[in-house]
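Subject: Structure handover

Hello,

Here is the structure I said I would pass on. My notes on what I found follow below it.

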Amino acid sequence: MGWFVPGRRNRVTLLLSIDVLELLRCPDCRASLNRHGDGYVCTGCQRAFPQERGVARFVPPENYADSFGFQWQRYARTQLDDASSDESDKDFRRKTGLSPEDIRGKLVLDVGCGMGRFAEVATRWGARVVGVDLSAAAEVAARNLADREFVALQADVFSLPFAAESFDFIYSIGVLHHTPNCEQAVKALPQYLKPGGTLAVWLYSAYNRWYRFSDLYRRVTHRLPAKTLHGMLRVVVPTVNAVDSALRVIPGIGRPLSGIVRYVFPVNRNPNPQWRVLDTFDWYSPRYQSKHTYEEVFRWFESCGMQDLRVVEVPISVQGRKPLP
Ligand SMILES: C[S@@+](CC[C@H](N)C(=O)[O-])C[C@H]1O[C@@H](n2cnc3c(N)ncnc32)[C@H](O)[C@@H]1O
């Protein structure tokens with residue numbers, strides 16, 4: 001299987017391949033799957049799911065998330081934690097409310113894993129993680145986490161290829177608001193949790209006024225070819241940040257002027273210049289992008305019977321538990 005690392009093949013093959021086949025179901029007819037070459041075939045409707053470049057494919061190769069595929073291929077490792085940064089680790093805690101003790105040894109689903117920055121944290125904490133992404137980002141995650149207890153699949157949150165009640169934890173960070181229907185996407189997930197399992201989601205906040213101008217620009221920018229938009233942002237982002245920095249040193253009016261620039265031309269301000277372009281592209285390129293309130297998300301969780309709901313640190317993060325029978 002393409003996602004296993006040669007050095008760890010025996011152990012990982014046993015741990016992951018058996019588990020994954022047991023978890024998998026046909027997204028169309030829900031029957032179990034058999035191996036078929038490198039990929040899978042449905043034992044019910046006979047639909048085949050090929051494996052390409054280390055990732056089993058449960059969706060057509062092209063879809064509305066293509067800009068994310070472009071983005072994560074291009075910035076494959078920018079947001080991965082390393083010796084100089086633990087930003088993803090901190091972000092994971094602040095957006096899911098999970099800690100290493102919660103997920104160590106557990107089977108976890110990362111919905112919309114992108115290039116795998118949060119699955120990297122979860123596997124480092126000792127979880128076994130299955131990551132799904134609608135875009136070709138799944139390939140990047142598979143490559144980035146080839147030495148971890150991690151399997152990536154290209155699949156859609158609206159028709160996930162898993163048996164019900166498979167996972168101990170499911171998290172989805174910055175993903176479900178990029179689908180055509182965030183409410184349905186959230187409600188699609190509890191069925192895959194074991195009883196007593198936890199679901200944590202982070203969505204864009206509807207309370208933030210910073211979004212006004214960017215929402216206006218997005219009407220145009222998301223229609224541009226990814227390459228064109230990226231080329232533009234490689235110029236615009238450093239320029240806006242340079243103007244902003246120059247204004248801020250002017251005594252008196254400098255700071256208010258810089259505030260206006262930042263409000264009217266919202267771009268990311270991370271200290272890492274690559275991260276700034278990446279996150280600004282991530283903001284302006286997606287076809288779908290909705291914003292939400294705690295009231296909405298609590299209502300969605302409750303309508304699925306989720307309990308012990310709690311707000312986590314970064315708006316809008318909500319965590320809930322599936323009741324025991
Ligand atoms: C902003 S990125 C976040 C990626 C990752 N969670 C992170 O925070 O780095 C959103 C991701 O959601 C994925 N996505 C969008 N719609 C999806 C869907 N219907 N099913 C699965 N993934 C989806 C995109 O392909 C993209 O990689």
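The shell around the ligand is made up of 11 nonpolar, six polar and four charged residues. Bear in mind that this is a predicted model. Of the 21 residues around the ligand, A65, F68, G112, G114 and S135 come nearest. Two elements, helix 5 (117-124) and strand 7 (128-133), each give two or more residues to that shell.

On the chain as a whole: it has 12 helices and 12 strands. Its radius of gyration is 20 Å, close to the 20 Å that the globule rule gives for 325 residues, so the chain is as compact as a globular protein of that length. Along the principal axes, the C-alpha atoms fill a box of roughly 70 × 40 × 35 Å. Of the 325 residues, 40% count as buried. Among contacts with a separation of 6 or more, 63% are between residues 24 or more positions apart.

The chain is divided into domain 1 (55-205 + 294-321) and domain 2 (209-284). Their C-alpha centres lie 27 Å apart. Where they meet, seven residues of domain 1 are in contact with six residues of domain 2. The domain 1 side of that meeting consists of two nonpolar, four polar and one charged residue.

Next, the core. The largest nonpolar core has 82 residues, and those that touch the most other members are A122, A138, A141, A152, L153 and I170. Both domain 1 and domain 2 give residues to this core, so it lies between them. In soluble globular proteins, nonpolar side chains tend to be buried together. Beyond its neighbours within four places in sequence, A138 is in contact with V55, C113, G131, D133, A152, L153 and Q154.

A138 is also one of the buried residues of helix 6, together with A137, E139, V140, A141, A142 and N144. Seven of the eight residues of this helix (residues 137-144) are buried, so helix 6 is largely enclosed by the rest of the structure. What do those buried residues pack against? The partners are strand 5 (55-57), helix 2 (66-74), helix 5, strand 7 and strand 8 (150-154).

Strand 8 contains V151. With 27 other C-beta atoms within 10 Å, V151 is buried, the cut-off for that being 20 or more. V151 and L80 are 71 residues apart in sequence, and their C-alpha atoms are 17 Å apart in space.

Some backbone details to check before you set anything up:

- P315 and I316 are joined by a cis peptide bond, with omega about -10°. I316 lies in the loop between strand 11 (307-311) and strand 12 (317-321).
- E165 is not a glycine, yet has a positive phi of about 55°. E165 is found in the loop between strand 8 and strand 9 (167-173), and counts as partly exposed, with 13 C-beta neighbours inside 10 Å.
- D308, also not a glycine, has a positive phi of about 50°. D308 lies in strand 11. Is D308 buried or exposed? With 11 C-beta neighbours inside 10 Å, D308 counts as exposed, since a residue with 12 or fewer falls in that class.

Regards

Notes
Residues numbered from 1 in each chain as written. Predicted model: local features only at pLDDT ≥ 70, side-chain atom pairs only at ≥ 80, totals over all residues. Core = buried A, V, L, I, M, F, W, Y, C linked by C-beta atoms within 7 Å. Domains from an automatic or database assignment. Contact = placed C-beta atoms within 7 Å. Near = placed C-beta within 6 Å. Helix = DSSP H or I, 4+ residues; strand = E, 2+ residues; numbered from the N terminus. Nonpolar A, V, L, I, M, F, W, Y, C, P; charged D, E, K, R; others polar. Rg over C-alpha atoms; globule rule 2.2 N^0.38 Å.
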